[in-house]
Amino acid sequence: MNAFTLTSSTLRHLAYALALPLLVTAFAAPAGATTIERVVSPGGIEVWLVHEPAVPLIAMDFAFIGGAVQDPPGKAGTANLMASLLDEGAGDLDSKAFSDRLERRAIEMNFSAERDHIRGSLRTLSENCDEAFDLLRLAVTSPRFDASDVELNRAQILSVLRRQTTSPSDIASLRWWQTAFEGHPYGRPVNGTPETLQAITVDDLKTYAHKVLARANLKVSVVGDIDAETLKPLLDRVFGALPKEPDLAPVDNVTPQGLGRRIDVSLDVPQTVVDFGGPGIARKDPDFMAAYIVNHILGGGASDSRLYQEVREKRGLVYSVSDSLVWLDHAAVMIGGTATRADRTNETVDLIQREIHRLAENGPTEEELIEAKNYLNSSFALNLDTSSKIASLLVQLQLDGLGSDYFVKRPEMIAAVTLDDAKRVAKRLLDNGLLVTVVGRPQGVAASTAPPTAH
Amino acid sequence: MRAATLAVGCVLPLAIAANGAGAATGPDVADFKLANGLEIVVVPDHRAPVVTHMIWYKVGAADETPGKSGLAHFLEHLMFKGTQKNPGAAFSQDIAAIGGQENAFTTSDYTGFYQRVPREHLKEMMALEADRITGLVLTDAVVKPELNVVLEEQYMRVANNPGARLSEQMDAALYLNHPYGRPVIGWRQEIEKLTRDDALDFYRRFYSPNNAVVVIAGDVTPDEVKADAEETYAKVPVRTAANPRQRPKEPVQEAPRTVTLADSRVEQPSVTREYLTPSETTAKPGESEALDVLAHVLGHGANSRLYRTLVVDKSIALTAGAYYSGTALDYAKLGVYATPKPGVTLREVEQGIDAVLNDVIAQGVADDELDRAKTRLIADAVYAQDNQATLARWYGSALATGQTVDMVRSWPDRIRAVTAQAVQQAARAWLDRRRSVTGYLVKSLQPEESRS
């Protein structure tokens with residue numbers, strides 16, 4: 001069978017997942033639906049737990065504050081390479097033995113690097129919980145970084161980087177971040193560049209792990225078939241041997257640069273890719289929730305957003321268009337993307353700019369505000385229907401410094417946003433000018449295939 | 001270390017361990033048919049107050065008339081344009097107003113639509129979806145912009161992506177006669193000519209309650225669903241006879257095919273080979289399950305044959321793997337692939353793949369490998385229980401391709417029963433070059449020796 005599945009509104013925007021914390025769609029569950037326990041182990045490790053015995057599995061998510069911003073100068077990609085190696089052998093187990101132990105029990109263990117964090121996740125059938133936590137302990141406390149594994153992973157990442165050099169969506173995104181945050185660690189690619197990746201030594205990886213993998217900067221959540229008393233000692237077993245304090249380099253707070261600029265990159269592809277964005281609003285800013293609502297109305301991914309309606313539904317210019325608020329530890333941005341034919345690129349970019357300007361000037365309507373609030377209030381549970389999604393959100397809330405009562409507070413925070421707030425914040429969020437990156441055939445160059453009949 | 005382990009062990013679950021027979025495909029699934037022929041499957045999951053509501057039409061790209069490729073998928077897009085009763089975007093607005101999510105998908109064999117909504121809105125969704133089975137209204141004013149949207153989608157998914165273009169060419173070469181050789185999204189010059197009338201003809205021909213399956217997973221009981229279905233879906237009249245799905249069959253395939261796609265943007269060459277195999281629906285008993293296990297042994301995970309041999313031991317590839325997806329009405333494919341290290345030719349990597357395949361054909365698989373693959377496959381069924389949408393898709397895709405609820409439920413047991421002998425048998429029978437296509441993704445067309 002043709003395994004090709006098509007969806008009618010897949011968001012290319014998922015490409016930003018690395019930088020994009022789970023868009024919080026609360027959890028104000030009907031009474032008793034889900035209880036979050038804050039569990040502290042004898043060794044002092046805190047975890048947010050949802051005990052859910054209905055399915056015999058356990059999902060654990062965790063994050064170490066650190067991430068690619070802690071890459072040493074000239075060695076961008078260190079965090080990413082380090083994370084890719086954590087499940088490639090640890091303790092007495094080389095990479096073959098380690099992966100064999102995981103596979104024998106169908107245990108899933110993943111690590112990744114984001115700009116601000118090293119993320120990890122573990123999924124296991126509860127009957128294999130002992131083995132899973134043992135292997136996780138080895139991975140985080142005694143990774144081997146054997147030379148052969150380092151070289152293989154380095155070669156695999158280099159292959160990804162080579163591919164990115166001719167991928168329009170990767171180029172658009174890399175150029176956007178590079179321009180917006182030039183001179184700041186956020187401007188460096190998380191994967192590194194061929195030059196910086198080649199410069200990373202095994203010692204760099206070990207040093208990075210030692211500095212960043214610690215207990216004081218660790219956030220953990222567990223969801224599934226395990227109770228608090230069982231979990232507590234396991235937490236110490238897994239993480240107890242890590243150093244208490246990390247050794248993190250200070251990172252400056254920063255705002256995106258290059259607003260008002262459009263950067264065109266020439267690439268011979270049938271469809272031109274466009275990224276656009278500007279400053280966002282910090283997670284802790286009192287205006288955050290208003291901004292979140294305004295952004296939902298603009299292009300937050302639902303099919304009634306202004307961008308989706310104006311650019312796709314009314315004019316058929318694109319297949320997908322959306323934008324998101326992205327909050328990092330040291331910056332906040334609003335960033336979106338779309339893609340269209342070369343000869344309609346200017347029209348599309350202009351239209352997006354116009355819609356953003358219109359919302360900045362006039363704000364949303366009362367009706368849009370009510371609809372957005374309804375949507376954001378009731379969509380919360382939908383995004384929390386799997387253990388992994390809940391676990392991921394619980395880690396994000398901890399990273400964001402929000403309490404475990406956030407689920408109760410969130411509807412109140414949404415309700416408190418008035419139309420005046422929304423109008424004021426629309427102006428604040430959307431009136432800064434945009435940095436736009438455009439990757440495709442230059443204007444005026446004929447496409448190699450005959451253009452379809454328009455309208 | 002071990003002492004510590006024993007002291008603070010995990011609590012074992014009660015009865016439902018992964019190895020417990022029958023437990024792995026989830027909760028009590030109900031399955032019934034309405035008088036108009038619509039089949040309804042209910043998969044209870046009471047962990048969150050949410051339901052996933054899906055309708056699967058037994059029609060896909062392989063059912064299109066030649067010359068109208070892309071029509072099934074285009075109609076999928078147009079199904080969001082409103083009905084007489086719920087004009088325009090009323091359905092989508094309703095979903096947005098209650099915080100729901102929706103989407104749709106098309107494959108060669110089926111077209112599906114789904115919503116994820118708070119449980120109390122299920123009946124509303126059933127009513128709206130029932131209305132959409134026969135009530136679609138289309139005007140050129142909505143059809144024409146949507147055609148442009150689909151053409152942009154084709155650019156994004158295929159034209160902009162050399163790997164996807166190779167994949168289209170490989171399908172076209174693998175299937176000599178069966179319509180699986182056509183891309184689901186369609187050939188661009190045929191998509192451009194699709195019209196409102198094409199879409200409505202196709203709609204009237206295939207969208208009917210007796211040609212669909214509804215799958216509802218989530219915080220509901222079969223009794224509630226039955227009652228709601230009587231008031232919604234049961235009122236939709238039968239529009240067409242449910243015709244047997246007869247597509248042209250493949251002739252005896254006698255010649256291995258190769259396809260090379262060159263694009264200056266290719267920075268990482270690769271080789272992929274796909275073998276024509278039976279699907280779960282057409283396979284002899286045990287055969288599809290053996291192919292599942294075979295694909296796992298060959299190419300899932302760091303200890304699979306292909307990865308271990310090509311990437312780790314011989315160090316000639318950066319990635320290598322295998323796949324088999326048996327959920328299809330007529331045929332399935334077993335695929336193997338690798339990307340060479342810089343400086344290694346595609347030919348060398350392909351020879352490496354062939355050596356691995358020949359070894360499995362000649363020597364079979366070890367018990368150890370067999371156990372590891374089966375454990376992983378069976379565990380997938382337990383992991384699926386954590387995601388109601390995954391479970392719903394599992395049942396829906398099976399039923400839309402000629403399987404039954406019982407077949408889905410018994411799948412873990414059938415995997416458990418696969419023997420090493422059956423895996424070797426499957427390798428011998430189906431890893432036959434004459435029924436295969438090999439695709440090369442390269443930067444430029446030049447003599448094989450200098451490719452890297």
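Tutor: pLDDT is the predictor's confidence in each residue, on a scale from 0 to 100. This is a predicted model, in which local features need pLDDT of at least 70, side-chain atom pairs count only at pLDDT 80 or more, and totals for chains, interfaces and linings use all residues. Residues are numbered from 1 along each chain as its sequence is written, while chains are lettered from A and ligands numbered from 1 in the order in which they are written.

Student: What pLDDT does chain B average?

Tutor: The model as a whole scores ipTM 0.90 and pTM 0.91. In chain B, 93% of the residues score at least 70, and the average pLDDT is 92.

Student: Over which residues of chain B does pLDDT stay under 50, with six contacts beyond four places in sequence?

Tutor: Where pLDDT is low, the predicted coordinates should not be read in detail. Two residues are in contact if their C-beta atoms, placed from the backbone, lie within 7 Å. The stretch with six such contacts beyond four places in sequence is residues 1-8 of chain B.

Student: How many contacts beyond near neighbours in sequence does the model have for residues 11-24 of chain B?

Tutor: This stretch of chain B also has a pLDDT below 50. Beyond near neighbours in sequence, its contacts in the model number 24.

Student: What radius of gyration does chain A have?

Tutor: The C-alpha trace of chain A spans about 65 × 55 × 50 Å along its principal axes. The radius of gyration is taken over C-alpha atoms, and the globule rule is 2.2 Å times the number of residues to the power 0.38. For 455 residues a compact globule would have a value near 23 Å, and chain A agrees, with 23 Å.

Student: How far apart do the C-alpha centres of domain 1 and domain 2 of chain A lie?

Tutor: Chain A is divided into domain 1 (8-239) and domain 2 (262-440), with bounds from an automatic or database domain assignment. In the contact between them, 47 residues of domain 1 meet 48 residues of domain 2. The C-alpha centres of these two domains of chain A are separated by 26 Å.

Student: Which element gives the largest share of the side of domain 1 of chain A that touches domain 2 of chain A?

Tutor: Helices (H or I, at least four residues) and strands (E, at least two) are DSSP runs, numbered from the N terminus. Among the elements giving two or more residues to this side are strand S3 (46-51), strand S4 (57-65) and helix H5 (168-180) of chain A. The largest share, nine residues, comes from H5(A).

Student: Which residue in S12(A) stands opposite Ser266(A)?

Tutor: Two strands pair if DSSP finds at least two bridges between them. An open sheet of mixed pairing has the order S8-S12-S9-S11-S10 in chain A, and strands S8 (262-266) and S10 (321-327) are its edges. Five bridges join S8(A) to the parallel strand S12 (435-440) of chain A. Opposite Ser266(A) stands Gly440(A).

Student: Which residue in S11(B) is the bridge partner of Thr272(B)?

Tutor: Chain B has an open sheet of five strands in the order S7-S11-S8-S10-S9. Strands S8 (270-278) and S11 (436-442) of chain B run antiparallel and are joined by six bridges. In S11(B), Thr272(B) is partnered by Gly439(B).
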